[in-house]
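Please look at the sequence and the structure shown here, and keep both in view while reading the report that follows.

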Amino acid sequence: MPALNDILQNSLKTAHEAGQKRVLSTTELQWLTPTLRHNGRDYLHFSSNDYLGLRTHPQVMRAAMAAVDVHGAGAGASRLITGNHPAFEGLENALANHKKTESALVFGSGYLANIGTISALVGKGDLILADKLVHACMLDGAQLSGATLKRFAHNNPEHLSMLLAAQRGKYRHCLVLTESVFSMDGDVAPLAAIHDICTTHDAWLMVDDAHGIGFMQPFKADIISGTLSKALGSYGGYVAGSATLREYLINHARSFIFATGLPASCAAAAEESLRILKAEPQRAQHVLSLAQTLSYTLGLPAAESAIIPIILGENEAATKAASALRDQGIWVQAIRPPTVPVGQARLRITLTAQHTPEHVHTVCQALASCGVVA
Ligand SMILES: *Cc1c(COP(=O)(O)O)cnc(C)c1O
């Protein structure tokens with residue numbers, strides 16, 4: 001019998017040969033500029049999800065530190081035991097208010113919010129219809145639930161409608177999963193049309209707003225999930241919806257029940273970020289305008305969010321492009337399967353409130369000089 005490490009080595013070798021092996025590199029994000037330090041060198045980066053630059057906002061950091069002073073570093077227990085510190089109440093009210101829902105429930109992370117919610121709402125005998133490009137954690141939640149999972153074509157309400165017409169009757173409940181802004185493509189789902197179709201066919205709509213918060217107008221959905229870790233610059237996740245949904249999840253979402261509560265510092269920081277996000281809509285407008293300049297300059301479809309993919313195809317094309325950019329002092333992440341479909345490896349460029357038009361100009365020039373764009 002081969003030993004554990006031999007088996008693992010074999011698997012890693014296969015991934016390496018397919019150009020899909022992942023490695024960790026230590027990167028130190030700087031504070032006031034979109035730069036990071038790696039092995040002693042500074043890079044201009046276009047690969048952070050801190051879209052609004054709130055991660056290092058002085059008020060957000062102060063809110064986190066003040067919460068540590070009062071509540072300590074960790075929550076100390078699950079929220080159902082003694083970990084339900086007072087910082088949750090303000091944040092959940094602010095999230096519900098922002099999402100125009102009755103209530104919200106904070107989880108340990110966006111991943112935990114999605115897997116816990118999906119697996120609590122549906123099970124065997126139910127149907128999940130998921131957009132072809134939804135995030136891995138929605139699919140993990142679907143698997144965990146035991147419901148039948150089918151996929152509809154990306155951002156295609158007509159295909160969803162066809163599937164519902166053909167399949168809905170065979171199942172007890174039906175949950176439709178999509179994202180507001182898609183994480184690896186940056187495009188926006190036609191949520192009004194999808195919501196109407198779900199209502200017609202008696203299906204529940206769950207939208208993951210991880211990359212949309214701050215950029216999306218309010219939209220209708222039975223369940224909205226999201227993260228505190230991207231535009232809100234903190235850590236943690238949440239679900240927004242009816243007060244009944246909240247009460248149900250407290251009783252049934254296993255990733256909520258059996259995990260320690262989020263530290264108060266993360267909750268307090270996210271609440272402060274939410275306040276700034278609402279008071280300063282110009283932050284998101286600035287990011288969107290830079291993204292549109294970038295997509296226009298590169299001859300790509302007009303950007304709808306902070307995320308701009310440059311699809312290159314083969315894994316090697318994406319990793320080579322990323323490495324050529326790195327030689328020029330620019331950090332853009334190559335994204336490969338299974339994060340994106342096979343044959344659609346890409347550079348994923350993200351813009352943040354810390355970028356300027358000059359930074360956009362620099363990355364466009366660098367992309368041209370590496371031959372990534374014409
Ligand atoms: C990042 C992400 C998550 C997970 O959120 P975390 O808070 O980082 O666990 C969920 N859904 C989508 C679409 C994401 O991009």
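Which helix gives the most to the lining of the largest pocket? The answer is α12, with four residues.

## About the model

This is a predicted model, in which local features need pLDDT of at least 70 and side-chain atom pairs count only at pLDDT 80 or more, while totals for chains, interfaces and linings use all residues. Residues are numbered from 1 along each chain as its sequence is written, and side-chain values use heavy atoms, with hydrogens and water left out.

## The largest pocket

The largest pocket has a volume of about 1,400 Å³. Of the 43 residues that line this pocket, Arg22, Gln333, Ala334, Ile335 and Thr339 are the closest to its centre. On a 1 Å grid over the protein atoms alone, a cavity is a set of points where a 1.4 Å probe fits but cannot get out, whereas a pocket is an open set with protein on both sides within 12 Å along at least five of seven lines, and lining residues have an atom within 4 Å of a point. Grid points are joined across faces, edges and corners, and the volume is the space filled by probe spheres set on the points.

At least two lining residues come from each of α5 (136–145), α12 (315–327), β13 (333–335) and β14 (345–350); here helices (H or I, at least four residues) and strands (E, at least two) are DSSP runs, numbered from the N terminus. By type, the lining of the largest pocket divides into 18 nonpolar, 15 polar and 10 charged residues, where Ala, Val, Leu, Ile, Met, Phe, Trp, Tyr, Cys and Pro count as nonpolar, Asp, Glu, Lys and Arg as charged, and the others, Gly among them, as polar.

## The second largest pocket

The second largest pocket has a volume of about 400 Å³, and of the 20 residues that line it, His98, Gly214, Met216, Gln217 and Pro218 are the closest to its centre. The helices α3 (87–99), α10 (264–279) and α11 (282–297) each supply at least two residues of this lining, which divides into 10 nonpolar, six polar and four charged residues.

## A buried arginine

Arg79 is placed in the loop between α2 (58–71) and α3. Is Arg79 buried or exposed? Arg79 counts as buried because its relative accessibility is 10%, and buried means under 20% relative accessible area, exposed over 50%, and partly exposed in between (1.4 Å probe, protein chains only).
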